[in-house]
Amino acid sequence: MPEFTLIVVLVIALALIFDFTNGFHDTANAMATPIATGAMKPKVAVAVAAVLNLVGAFLSTEVAKTISGGMIREGDGGILITPELIFAGLIGAIVWNLMTWLRGLPSSSSHALFGGLIGATIIGAGFQAIDYNVVMSKVILPALIAPLIVGLVAFLSTRLAYAVTRREAGRPDGRGGFRYAQIFSSSLVALAHGTNDAQKTMGVITLTLIASGYQTVGTGPEFWVVAACALAIAVGTYTGGWRIIQTMGRGLTEIKPAQGFAAETSTAATILASSHLGFALSTTQVASGSVIGSGLGRRGSTVRWGMAGQIALGWVLTLPAAGIMGAFAAGLALLGPIGIVLDVIIGSIVVAGIYWWSRSSRVTHHHLLHDIDDAGHVVRITKTPRKPARRDRKKVAL
Amino acid sequence: MIDWFAFPVVAGASLVSSALIVTLYSLGLRLMTSAGRSPTVGPAEFTGAITVLTPKRAAKEARRTRKALAANPLTDGQKRLALVGAYACFALCGGAVLFGVYLIVPALQGG
């Protein structure tokens, strides 16, 4: 490892903190369903999620390459992005992330990251520094299309799961057995999360190393970067999980084991396929899409379009809003070392303020699980969709 | 240049793999039930869970399940066949997952 300048060290540290918060925030995506349906003990679920995030981070580097090598034009004649600008982008992303977390707004940490980076780059290096084709085909279009794809897949999978295990009159359907399956499907989601989300940080660190000349243009992340990111996201997942277990009370969306299994399988399949192609997805959006899709796959379900619209609006807002934050931070950073110091100070004040605020107001499970939970509420399911015939009523329904 | 072809590829891959896994597992469960081994998940194993049945209710459900399964129209041989089929389904399902992971990890393919 060569000796790094202070700003590079600062960016790496900040990126790893971002990675940590990402894991912290997203444990619920993978593990809320199995905990809620009783498929796994919370303690075990959180530990499994952490380990699989760690493993997942090592599996692929396509997404990291999208960020480090495609999104922002760097090197050979193009405009050089500086570590200072990446630093500003990260500050913007973290501040936006914490603000939405506090207000309970649905948002995506991945899009906050991209928004911050893009905003900072535009301010620091101009509009032509961004490769809009890559942004469009690897970030924005997947963001719009993936939740729809996963929703459809989850809908069909849920229908399949229920159709295949259709209850014969008076005989148990064995659907309780889906709980065992959920242990594996939710683990797969955790693995998929590692393959997509940990890589975003790898991409940022690699981009920084390339921008400051420690690494040649067009190369993938180095091993120590992969290892550090994997570790950060795993530790974040583990700590975040504890927080969720402590505060999670009732009021979680009711998800049946069969539905949960179908939703998780679709989520994992979609994220893994996307990671393979280098799509930098928001795992939260994919998980939300599949929860909605699988809810619709159950009998007697209707969509609350107003709520779905709210969630979608939050998603759409994230990228430009974080972009503005990143642009603002980049504007300061351009002032030179004083600007960087100002960025750090303002960022710290905002973070400290949000932390203080969250301590004083009671943090409910809504703050911790809001994204997926909101998605679950988009679909309303009638409790008794069909009145059973009198002769069937006393029969087993386990 | 936007690679529009990538989106149907992702959609197709997710749909096929997800449908395959869900169908295989569901089929396994159904065959288990046909074989008279309906899996009941009691609260004893998952004490930390948030939505659990009370032990009393779980015992009642288990009893009802047993009773319902007692009247099984299948012969012993058929039951055994169903059970083997169920395990085959679970095994295929696990295999499908492992194959999927194998496909996306470049290190496993020597490249």
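Start with helix H9(A), residues 257-276 of chain A: 20 of its 20 residues are buried (20 or more other C-beta atoms within 10 Å of a residue's own, with C-beta atoms placed from the backbone), so the helix is largely enclosed by the rest of the structure. Helices here are DSSP runs of H or I with at least four residues, and strands are runs of E with at least two, numbered from the N terminus.

This is a predicted model, in which local features need pLDDT of at least 70 and side-chain atom pairs count only at pLDDT 80 or more, while totals for chains, interfaces and linings use all residues. Residues are numbered from 1 along each chain as its sequence is written, with chains lettered from A and ligands numbered from 1 in the order written.

Next select A:Gly278, which follows H9(A) and has a positive phi, near 80°.

Now colour chain A by pLDDT, the predictor's confidence in each residue from 0 to 100. The mean for chain A is 76, and 77% of its residues reach 70 or more. Confidence in chain A is highest in H9, at a mean of 87, and lowest in helix H14 (residues 390-393), at 49. Select residues 246-252 of chain A: pLDDT stays under 50, and the model has 13 contacts beyond four places in sequence (C-beta atoms, placed from the backbone, within 7 Å). Residues 384-388 of chain A also stay under 50, with four such contacts.

Residues 6-27 of chain B are 100% helix and 0% strand, with end C-alpha atoms 31 Å apart. Residues 81-105 of chain B are 96% helix and 0% strand, and their end C-alpha atoms lie 36 Å apart.

Technical notes:
Two residues are in contact if their C-beta atoms, placed from the backbone, lie within 7 Å. A residue is buried if 20 or more other C-beta atoms lie within 10 Å of its own, exposed if 12 or fewer, and partly exposed in between; C-beta atoms are placed from the backbone.
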